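Please open the model in your viewer, with the sequence panel beside it, and follow the stops below in order.

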Amino acid sequence: MSKVFLIGAGPGDFELLTIKAKNLIECADVIVYDRLADEKILNFANQNSKKIYVGKSPNHHTMNQEKISQLLVDLSKQYEIIVRLKGGDPFVFGRGGEEALLLSENNIPFEIVPGITSAIAVPAYAGIPVTHRGIATSFAVITGHEMSEKSSLRWDKLATAADTLIFLMGVANISEITQKLIDNGIFQKTPAAVIQNGTKPAQKILITTVENAAADVLREKISSPAIFIVGNVVNLRNNLKWFDSKPLFGKKILITRSRSQASKLAEKLFENGVDCVEIPAIKIVAPSDNFSAVDNSIDKISSYDFIIFTSTNGVEKFFERLKIKNLDSRSLFNAKIAAIGSSTAEELSKHGICADFIPKEFKAEALIEILKNKVENKKILIPRAEEAREILPQELKKFGADVDVVSAYKTVSAIENKINLENIDLITFTSSSTVKNLINAVGTESVKKIKTAAIGPITAATLKNFGIEADIIANEYTINGLVEAILNYFIA
């Protein structure tokens, strides 16, 4: 039997999604989502789920509310698990009640999964509590749309009824809202705040008063989505602000990695306040020989004295092929294992293998120095990317090793759409492939205009081949090292 889940996506920061909501999104057959539901949440969906956008902006509705409600009824006849994903909370000006009523009228089972409402979360991220002992013991949440003469709002009661007033979706009508508040008795110099893109790194906060709010919003070009909060609790922001005090708050950084890996870097940058723009520049695909070389090497795996892994992707794909042949890490018992980089070694540890050799400097030259006196007359396997630097196998052969280089994967460009580099403060590059693919997509001159960060000297050298000097080069060639280098650059 089908069921519709009306889910609150929260106020903007996708990490504020509830566990129950995440679990349902992961198993949903179809997801109907709004403009204010962060698209990162959709990454939790399974690859077979259908996604339908029904977002509404102040001047444009993809689909009106009646059609959205009917859509849920229609979808229940085709799918078992239907998720209706709404920004904030479904029952706080989310019109979830209207959708639920139509479902009820059609005898369609549904559940409500509450979300964190922006009415409370957005002020919290701005350092403004909606209640505070001795300052505010009550608050009211009001829609900013109700400005017509037929409005049900009782301004004569509302203006002075609660200590804190929170208007959602009220920026377009802020002039009328403030005038009605003043006309109905609120002190015109009452502190107020307008918060745009609340809970997100693009958050913008305007501190004002009731009498000046409309003019200040116009001057500062504040636009939707934003909330308007009125009350003496606004004065607490000076002492309680935390989100926009993060070291990299306000920085907009472009991340160029494979889609599966970009989130790791984005997560660490987001923790420091960065507005991350993820443009996967590469994707990992099967090698041109469709794994024939790596499969052949696995067939004779016991003949190798050393196996060298140069990347996490190489480890992941090699063990995938090992599993397909009904083998596991026990089949590598005869070989010493080397890993370039702590991330590569960490990926190996997931398969129960502790690398015997990890160079302190995470590049081929450092590993060559370690192995040069150990590989004479030894057979070595290097499962790696189809296109990679040749220095490692070439130098090992000079020291008398018999080296098999096999393609475990191939990187190809993942850039399909036009890339907007406007207002980008920094571009991060985590491999030579990301450099080549982004520059092929946007041109060298576009990248030259923006600060660049390279995960290590090899990536920096690729940038230099295009005439670009990296502004930041990580000392430790890992994601953590790159983030540390970025922090040091901007806050030094």
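**First stop: Val-122**

Select Val-122 together with Pro-11, Ile-195, Gly-198, Thr-199 and Ile-227, which it touches when residues up to four places away in sequence are not counted, a contact being heavy atoms within 4.5 Å. This is a predicted model, in which local features need pLDDT of at least 70 and side-chain atom pairs count only at pLDDT 80 or more, while totals for chains, interfaces and linings use all residues. Residues are numbered from 1 along each chain as its sequence is written, and side-chain values use heavy atoms, with hydrogens and water left out.

Colour residues 118-125 next, since Val-122 lies in this run, helix H4; helices (H or I, at least four residues) and strands (E, at least two) are DSSP runs, numbered from the N terminus. Val-122 has a relative accessible area of 4% and is therefore buried, where buried means under 20% relative accessible area, exposed over 50% and partly exposed in between, with a 1.4 Å probe and protein chains only.

**Second stop: the aromatic rings**

A search of the whole structure gives 13 aromatic pairs, counted when ring centres of Phe, Tyr and Trp (its six-membered ring) lie within 6.5 Å, with planes under 30 degrees apart called stacked, over 60 edge-to-face and the rest tilted. Select Phe-318 and Phe-319, whose ring centres are 5.6 Å apart and whose planes stand at 80°, so that the pair is edge-to-face. Phe-318 is buried at 0% relative accessible area, and Phe-319, at 6%, counts as buried too. Then select Tyr-125, Trp-242, Phe-243 and Phe-249, which ring pairs link into a cluster.

Among the cysteines, Cys-27 is partly exposed at 35% relative accessible area, whereas Cys-276 is buried at 13%.

**Last stop: the whole chain**

Zoom out to the chain, which has 18 helices and 22 strands and whose C-alpha trace spans about 90 × 60 × 40 Å along its principal axes. Of its 492 residues, 49% are buried. Among contacts with a separation of 6 or more, 66% come from residues 24 or more positions apart.
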